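Subject: Structure handover

Hello,

Here is the structure you asked to look at, with the sequence. My notes on it follow below.

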Amino acid sequence: MKHIELFDTTLRDGQQCPGAGMSREQNHEYAQLAAAVNIDTLEAGFPSASEEDFRIVHDIATTYSQMSHAPKVAALSQLKEAQLTQTMDALAPLPSTQARVHLYLPVAPDLMNASLGNYANNKTQIIKDCQHLIGMAFKQGHEVEFSPEAYSQMAENYDFVSELILAAVEAGASIINCPDTIGRACHWQGKDYFVNHMNQHAALVKKHKPKHPVTWSVHCHNDFGMALDNSLRAVTQGPATQIEGCFNGIGERAGNVALEQCI
């Protein structure tokens, strides 16, 4: 039997859905509801995106720090030192056991080129930067989650992603999240199905980093209507013990997996 944790990204990924944006007060109200239904981790936002995002994350962190029972608070950051510093500042009201830094980096070839420019070609430096920034958050006492963005579309970057995950774990990441960022994964892909790659990477980490326990997480979008199937397969056929999603299936484009359906 697996204990499955729920990671609620309604306030971060969910609000990227047109029409789903909420006021500061509504964000705070939602955080209270998430605590009431015993969500394990609430991703409260992307602090470096704007001053308002920073305030929302900081306010939720402050509120949860004063509650006897509350979810952990996660905050998203790119692999950039200035963003990471802002993110840790936003989470500062929380004890370190309740604060999670969520770092991400694109790994699909097309997305890397579009997002990172020439930096995408320097994979050795990317791995070094990954280790440095994850280590920086870990040494500050934060729990660290790392997401290879568009993991399901990594294609010829499989070996690079393997090195990146091993480096992230060694530096202190204890949650590895494997997103189907653009909602294209399907079990009919056979050996290229991302859940198969999750199993391979879980075995790789267990072999090479046996002293580093890792929680495997899945984050699926619904562009082809497969988010629920993919999320459940990552748990029942793969190593995942955390599901990331949004209530009512809101989220970017066609939405994230609906948490109530997963439950």
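Strand β5 is mostly covered, with six of its seven residues buried (buried means under 20% relative accessible area, exposed over 50%, and partly exposed in between, using a 1.4 Å probe and protein chains only). Helices (H or I, at least four residues) and strands (E, at least two) are DSSP runs, numbered from the N terminus.

This is a predicted model, in which local features need pLDDT of at least 70 and side-chain atom pairs count only at pLDDT 80 or more, while totals for chains, interfaces and linings use all residues. Residues are numbered from 1 along each chain as its sequence is written, and side-chain values use heavy atoms, with hydrogens and water left out.

Around β5

β5 pairs with β4 in the parallel sense, over seven bridges (two strands pair if DSSP finds at least two bridges between them). Within that pairing, Leu105 has Pro148 of β5 as its bridge partner. β5 also runs parallel to β6, and two bridges join these strands. There, Phe146 stands opposite Ile176 in β6. Together with α6, β5 and β6 make a right-handed β-α-β unit (a crossover is right-handed if, with the strands pointing away from the viewer, the path from the first strand over the helix to the second runs clockwise).

The loop between β5 and α6 (158–171) holds Ala155. Ala155 is not a glycine, yet has a positive phi of about 50 degrees. Ala155 is exposed, and its relative accessible area is 53%.

The barrel

How do the eight strands close into a barrel, and in what order? The order is β1-β2-β3-β4-β5-β6-β7-β8, and the pairing is parallel. On average, neighbouring strands of this sheet are turned by 25 degrees against each other, direction ignored (axes are lines fitted to C-alpha atoms, for helices over the stretch in contact, and angles run from 0 to 180 degrees between N-to-C directions).

Helix α4 (residues 109–116) packs on the sheet and touches β4 (99–106) and β5 (143–149); contact means heavy atoms within 4.5 Å. The direction of α4 makes about 100 degrees with that of β4. Helix α7 (residues 194–208) also packs on the sheet, touching β6 (175–180), β7 (215–220) and β8 (240–245). The direction of α7 makes about 160 degrees with that of β7.

Strand β2 and its partners

Five of the five residues of β2 are buried, so this strand is largely enclosed by the rest of the structure. β2 (residues 41–45) pairs with β1 (residues 5–8) in the parallel sense over two bridges. The bridge partner of Phe7 in β2 is Thr41, and that of Asp8 is Leu42. With helix α1 (residues 24–36) between them in the naming, β1 and β2 make a right-handed β-α-β unit.

β2 also runs parallel to strand β3 (residues 72–78), joined by four bridges. Thr41 stands opposite Lys72 in β3. β2, α2 and β3 form another right-handed β-α-β unit.

Helices α2 and α3

Helix α2 (residues 51–65) and helix α3 (residues 81–90) pack at an angle of about 35 degrees, and their axes are 8 Å apart. On the α2 side the contact is made by Phe54, Val57, His58 and Ala61, and on the α3 side by Gln86, Asp89 and Ala90. These residues divide into four nonpolar, two polar and one charged (Ala, Val, Leu, Ile, Met, Phe, Trp, Tyr, Cys and Pro count as nonpolar, Asp, Glu, Lys and Arg as charged, and the others, Gly among them, as polar).

Which residues of α3 are buried? They are Gln83, Leu84, Thr87, Met88 and Ala90. They cover an arc of only 155 degrees around the axis, which puts them on the same side of α3 (the arc is that of the directions from the helix axis to the C-beta atoms). The buried residues of α3 pack against α2, β3, β4 and α5 (123–139).

Two loop residues

Gln15 lies in the loop between β1 and α1. Leaving aside neighbours within four places in sequence, Gln15 is in contact with Thr10, Ala20, Gly21, Met22 and Asn27.

Arg253 lies in the loop between β8 and α9 (259–262). Arg253 has a positive phi of about 55 degrees although it is not a glycine. Arg253 is partly exposed, with a relative accessible area of 39%.

Regards
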